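Subject: A structure for you to explore

Hi there,

Here is the structure I promised to pass on. Have a look at it first, and then read my notes below.

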Amino acid sequence: MPTPMFQYKRGVIRSIGHVGRIVLSPTKHIFKQITERKPMVVLQAEIDTQIEFRRTLNWFHLLAIGVGTMIGAGIFVLSGTAASNYAGPSVIVSFVLTGVIAFLSALS
């Protein structure tokens with residue numbers, strides 16, 4: 001009877017192949033969980049019993065999201081660059097005009 005090479009929590013490692021099985025066992029379990037599929041009947045039952053989302057956003061929230069998107073897209077950065085090159089002292093008017101354009105764009 002060969003002597004064990006190494007002892008670990010769950011028992012004794014007997015060979016290199018045994019080490020491979022120990023290492024790959026959790027990997028197989030994780031891969032099985034990732035690739036597991038539900039039967040179509042179960043999925044259809046979940047869809048039928050699912051509660052819809054409540055509509056909680058009003059026009060003001062949507063407008064704020066639209067204006068934030070415009071600002072985030074860089075419309076004020078672009079207008080600032082153009083204002084510094086072409087507008088001169090009327091930079092304030094340029095930014096107000098850009099704000100009105102962003103507001104109208106958010107409404108659409």
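The buried residues of α5 are Ser94, Thr98, Ala102 and Ala106. Seen down the helix axis, these buried residues fall within an arc of 110° (taken from the directions from the axis to the C-beta atoms), so they line one face of α5. Here, buried means under 20% relative accessible area, exposed over 50%, and partly exposed in between (1.4 Å probe, protein chains only). Helices are DSSP runs of H or I with at least four residues, numbered from the N terminus.

A word on the source: this is a predicted model, where local features need pLDDT of at least 70, side-chain atom pairs count only at pLDDT 80 or more, and totals for chains, interfaces and linings use all residues. Residues are numbered from 1 along each chain as its sequence is written, and side-chain values use heavy atoms, with hydrogens and water left out.

Phe103 also sits in α5, which covers residues 91–107. Because its relative accessibility is 39%, Phe103 counts as partly exposed.

How far does α5 reach from its first C-alpha to its last? The distance is 25 Å for 17 residues, close to the 24 Å expected at 1.5 Å a residue (that is, 1.5 Å times one less than the number of residues).

Lastly, α3 is followed by Gly74, whose phi is positive, near 100°.

Enjoy exploring!

Key. Helices (H or I, at least four residues) and strands (E, at least two) are DSSP runs, numbered from the N terminus.
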